[in-house]
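Keep the structure open while you read.

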Amino acid sequence: MNYRLPLVARSGVIGLAAVLLFIMPGYAAGPEGDLTLWYAQPANEKKWSAEALPIGNGNLGAMIFGDVSKEHIQFNEDSLWIGDETDTGAYQAFGDVYVEMNHPNPQQYRRELDIRRAVHTITYESDGVAYKRQYFSSYPAGVMAFRFTANKKGAYTATVSLTDMHEATIAAEGNRLTASKGSLAGYLYGKPKGSQGYGILLDYESQVLVLHEGGSLRAEGDKIKLDGADAFTLLVCADTNYLNQRDKGWKGEHPHNRITAKLDAAAKRKFDDLLAEHVADYQALFNRLKLDVGKGPAERLEMPTDVRLAAYKGNKSDPGMELLAFQYARYLMISCSRPGSLPANLQGLWNNSNSPPWRSDYHSDVNIQMNYWFVDAANLSECFEPFAEWLNSIREVRREETKKQLNRRGWINHAENGIFGGSTWKWSKGDAAWMAQNIWDHYRFTLDRDFAEKRAYPLLKELCEFWIDDLKELPDGKLVSPNGFSPEHGPTEDGVSFDQQLIWDLFTSTIEASERLGVDADFRKRAASLRERLLGPQVGKWGQLQEWMVDRDEPKDTHRHLSHMIALHPGRQISPLTTPKLAEAARVSMNARGDGATGWSKAWKINIWARLHDGNRAYKLLSEMLQNNFYTNLFDFHPPFQIDGNFGYASGVCEMLVQSHLGEIHLLPALPDAWPEGSVQGIKARGGFELDIHWKSGKLTETRLRSNNGGTCKVRLATPVTLTCQGQTVPATSPEKGVIVFETRKGREYRMLATE
Ligand code: FUC
């Protein structure tokens, strides 16, 4: 089928609003146009990762192709896993919904994802009829809804079918399609299906309800047929019996009744009600942060996203595109990680294969950590919960394997991880401490004491126990991790920087946590004395920050992993402000590693350069990512795509605007020349603070800081300011140039107004 690009899109101008208003009132290019991904043609069936568009409600999601005569909705549920307590296994693909209809070559085709509302809309004209589809995945209703309407009665004659990736039986009964009695038995990662499978087998099911208006509906074979319907809605739900509780054998009730109840409840409601509820729920998270780094030329805003991205490659002066990629990461996070779901895996939750690259799992030698770096700063703290809950659920399995294999208390893991605690490939000794860094950092942002008590401290303490048992003393009394491995790089040996830096971070967090909670004073002292004796970061023979205790770094080595930079980012052991010599060594190493890289690595480099306070270098990498590392659906690629790059990019943007890892809030620490004027509203800083920051000509103009918990606030800023609260001057001290310290009261807003 030949999809013609609307003339308006090609010429890129005026008629667009009029045409779109005809087809889809309320969707004309307007101020929100810059937060919409849109295309003038359907996604190519062969380009799933590059062109289909994702929707999701945390655990239930879909990739949508938008073809006119055969709609393809490839759906997932994030607990459909194979694996067990000894093997990672793999995340699986669930199935597809197809809607076939006989619509001849369309005109004025538009497919869009409005990330302000989390609604995917497709509009086209065919044979003089204007058609519209609206899709979303609702967190409150727990179902996905797909509505098909037209401006002419009786326009839909269609066949709806359901497929299942594990040979379930498909049945059509009344207006319901069910895929049931499928089995995950015999599926092994990377192998053809056989008799041998994993030790844990989940039950699963999916259902589709077809609700039609006008015309007729009948079940025929395993499909549902519609004849002359005016409009129809598909409600889709899929689930498994996975439970994140080992003591219950990882299994709860069969999902059949749950799915049926959710669909039946949704079917009783009006589509517009479901939609309004969904949008309100989504916006309660999404609307908390607004970013403005400039819009770019008007003609770029009018371009379809694929055309606009191609234009950006040629000439990057389109900050609106940079902003779109940032907000898209927030959209993706809200869509694949909500309370009650599993954490975002390598593909968020949108995987279409039973043998996906790297198992579409929880890789812990950078990937899962990177997924969650930005969520608190980007004011999405609730989205962090799945990571903490999953980690909590696997602790017991991890302790058992660690005891059995290594005879140590506490635990460590391998780089590949599944949902039942099974972990494979090499031991990656620093990984668990690295995940714990995310956990403690979440506390540092939220100051949620309950979280510190129940989720953070028990984990931190047991991970310390591993290192207390495992650390090795060198002849000079220094302590090193024995037989470590710098992720995917170099030999297995003692004292690799990855381990050393993460043990330092783990001890530091544990000390902080035990102080905050007022517990375990002796244990705290022990952690502090061990931290003192750790072999610290080393500067090597060419001035580089050493990746290993042995000074063997190669200046020409451009390996993608940057594990010896953890102390700088996401850690807090090295900074130009506190350890300038080590920061300089990090800069030398980063220059040697170069700027080229695969998606996630490039995203990390944005963060690292921001922590080195080099905004222009960070921006260079950020714009190169958009130029070279994103597909037209703005997924970050790394075969087939890897969502860590999207999330790492967003983290980089946050690090350029605010840093707060050193016990102070550093405003605009790495603002690039390319964003001379702008604002960010609702960005968070550690210590329970929320900020609105405005700048002009590269200089801070006004900052509003809301204190959610009260307490002392230390702010580093390059511009002199007056400080007021409720119109009154607030007393502040200035311990050094460019730093102010003041007391805050819970719930109050503080205003810093530039005096220059
Ligand atoms: C790490 C990386 C790979 C890939 C994998 C999922 O092992 O080195 O590039 O991202 O995770």
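Ala118 sits in the loop between β8 and β9 (119–126), where strands (E, at least two residues) and helices (H or I, at least four) are DSSP runs numbered from the N terminus. Ala118 is not a glycine, yet its phi is positive, at about 60 degrees. Ala118 counts as buried because its relative accessibility is 6%; buried means under 20% relative accessible area, exposed over 50%, and partly exposed in between, with a 1.4 Å probe and protein chains only.

Before going on, a word on ground rules: this is a predicted model, local features need pLDDT of at least 70, side-chain atom pairs count only at pLDDT 80 or more, and totals for chains, interfaces and linings use all residues. Residues are numbered from 1 along each chain as its sequence is written, and side-chain values use heavy atoms, with hydrogens and water left out.

Gln108 is another non-glycine residue with a positive phi, near 50 degrees. Gln108 belongs to strand β8 (residues 107–114). With a relative accessible area of 27%, Gln108 is partly exposed.

Now for the cis peptide bonds. One runs from His569 to Pro570, with omega near 5 degrees, and Pro570 is in the loop between α14 (521–533) and α15 (580–593). Another links Pro639 to Pro640, with omega near -10 degrees; here Pro640 lies in the loop between α17 and α18 (643–657).

Helix α17 (residues 615–628) also holds Lys620. Is Lys620 buried or exposed, or something in between? At 35% relative accessibility, Lys620 counts as partly exposed. The side chain of Lys620 makes a polar contact of 2.8 Å with that of Glu624. A polar contact is a pair of N or O atoms within 3.5 Å; within protein, one must be able to donate a hydrogen and the other to accept it, and residues adjacent in sequence count only if both atoms are side-chain atoms. Lys620 and Ala674 are 54 residues apart along the chain, with 9.6 Å between their C-alpha atoms.

Over in helix α10 (residues 385–406) you'll find Arg395. Arg395 counts as buried because its relative accessibility is 14%. Its side chain has polar contacts with Asn392, at 2.8 Å, and with Glu462, at 2.7 Å.

| Residue | Distance to a ligand oxygen atom |
|---|---|
| Asn367 | 3.0 Å |
| Arg560 | 3.0 Å |
| His561 | 2.6 Å |

How much of the ligand's accessible area does the protein cover? On its own the ligand has 290 Å², and the protein covers 99% of that, with areas from the Shrake-Rupley method and a 1.4 Å probe. The ligand sits in the second largest cavity. On a 1 Å grid over the protein atoms alone, a cavity is a set of points where a 1.4 Å probe fits but cannot get out, and a molecule sits in one if more than half of its atoms lie within 2 Å of its grid points.

Key: 1 Å grid on protein atoms, 1.4 Å probe; cavity = no way out; pocket = protein on both sides within 12 Å on 5 of 7 lines; lining within 4 Å.
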